[in-house]
Amino acid sequence: MTAWEGFREGLAEQLASLATGSVLIIREGGRTGRYAQFAQSDEVLRAELTGDHGLDPALRAGETGGRLIAEAGWEPPQGTVYGHNWQAGLPWPSPANTYRELARMTVTGLRDGFRIVSPRTLVYEAWDERRGNRPLVLPLLGLDQTS
């Protein structure tokens with residue numbers, strides 16, 4: 001199993017277990033600006049993958065990466081004030097295979113679209129908005145947690 005496969009499996013399991021009010025941001029270490037984020041509401045798990053807007057030109061997905069991200073199933077950025085990111089969403093609750101699909105889309109976006117070499121360069125931050133922004137520990141991701 002590759003590192004990306006292990007990350008994909010852990011992400012799918014972790015997304016399926018997020019409680020209402022949970023927010024998860026997975027980002028590249030450092031300040032590159034490339035990330036995926038997830039927010040679980042009462043009705044939907046919303047997902048975003050960073051768009052090229054505001055990224056250093058060398059870090060952008062560009063045309064080729066954007067095509068790969070779109071082919072993976074992400075909805076393209078709309079270019080509005082809050083719409084510079086790729087979008088996806090799952091109704092809640094959803095079957096396990098849909099969480100696996102969203103995890104696959106996320107890996108494709110980060111690895112293929114944005115050319116991130118390894119999930120070992122990723123870190124995460126997670127909290128529960130409904131419980132005073134209490135930090136969440138998500139060990140299934142296999143990533144280091146930031147504060």
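This is a predicted model: local features need pLDDT of at least 70, side-chain atom pairs count only at pLDDT 80 or more; totals for chains, interfaces and linings use all residues.

Reader: How does one describe two packed helices?

Author: Two numbers are used for such a pair: the angle between the helix axes and the distance separating those axes. Here, helix α1 (residues 3-16) packs with helix α3 (residues 96-113) at an angle of about 135°, and their axes are 8 Å apart. The two helices α1 and α3 are therefore oblique to each other. Their crossing is right-handed.

Reader: Which residues make the contact between α1 and α3?

Author: From α1 come Trp4, Phe7, Arg8, Leu11, Ala12, Leu15 and Ala16. The residues from α3 include Tyr99, Leu102, Ala103, Val107 and Leu110. By class, the residues of this contact comprise eleven nonpolar, one polar and four charged.

Reader: At what angle do α2 and α3 pack, and how is that angle classed?

Author: Helix α2 (residues 62-72) and α3 pack at about 175°, with their axes 9 Å apart. Angles over 145 degrees count as roughly antiparallel, and α2 and α3 are therefore roughly antiparallel to each other. On the α2 side the contact is made by Gly65, Leu68, Ile69 and Ala72. On the α3 side the residues are Glu101, Arg104, Met105, Thr108, Gly109, Asp112 and Gly113. Four residues of the contact of α2 with α3 are nonpolar, four are polar and three are charged.

Reader: How is burial decided, and is Leu122 buried or exposed?

Author: A residue counts as buried when its relative accessible area is under 20%. Leu122 has a value of 3%, so Leu122 is buried. Leu122 lies in strand β5 (residues 122-128). Leaving aside neighbours within four places in sequence, the contacts of Leu122 include Trp4, Phe7, Ile26, Leu110 and Leu143.

Reader: Where is Leu143, and what does Leu143 touch?

Author: Leu143 is in the loop between β6 (134-135) and β7 (144-145). With a relative accessible area of 13%, Leu143 is buried. Not counting residues up to four places away in sequence, Leu143 touches Phe7, Ile26, Pro119, Leu122, Val123 and Tyr124.

Reader: Which side chains make polar contacts with that of Glu28?

Author: Glu28 is placed in strand β1 (residues 22-28) and counts as buried, at 11% relative accessibility. The side chain of Glu28 makes a polar contact of 2.7 Å with the side chain of Thr32. Another, of 2.8 Å, joins the side chains of Glu28 and Arg34. Glu28 also touches Ile116, Thr121 and Leu122, when residues up to four places away in sequence are not counted.

Reader: What is phi in Arg115 and in Asn133?

Author: Phi of Arg115 is near 60°, a positive value in a residue other than glycine. Arg115 is found in the loop between α3 and β5 and is partly exposed, with a relative accessible area of 41%. Asn133 has a positive phi of about 60°, although Asn133 is not a glycine. Asn133 lies in the loop between β5 and β6. At a relative accessible area of 46%, Asn133 is partly exposed.

Definitions and conventions:
Residues are numbered from 1 along each chain as its sequence is written. Side-chain values use heavy atoms; hydrogens and water are left out. Axes are lines fitted to C-alpha atoms, for helices over the stretch in contact, and angles run from 0 to 180 degrees between N-to-C directions. Helices (H or I, at least four residues) and strands (E, at least two) are DSSP runs, numbered from the N terminus. Angles under 35 degrees count as roughly parallel, over 145 as roughly antiparallel, 65 to 115 as roughly perpendicular and the rest as oblique. A crossing is left-handed if the near helix is turned anticlockwise from the far one by less than a right angle, and right-handed if clockwise. Contact means heavy atoms within 4.5 Å. Ala, Val, Leu, Ile, Met, Phe, Trp, Tyr, Cys and Pro count as nonpolar, Asp, Glu, Lys and Arg as charged, and the others, Gly among them, as polar. Buried means under 20% relative accessible area, exposed over 50%, partly exposed in between (1.4 Å probe, protein chains only). A polar contact is a pair of N or O atoms within 3.5 Å; within protein, one must be able to donate a hydrogen and the other to accept it, and residues adjacent in sequence count only if both atoms are side-chain atoms.
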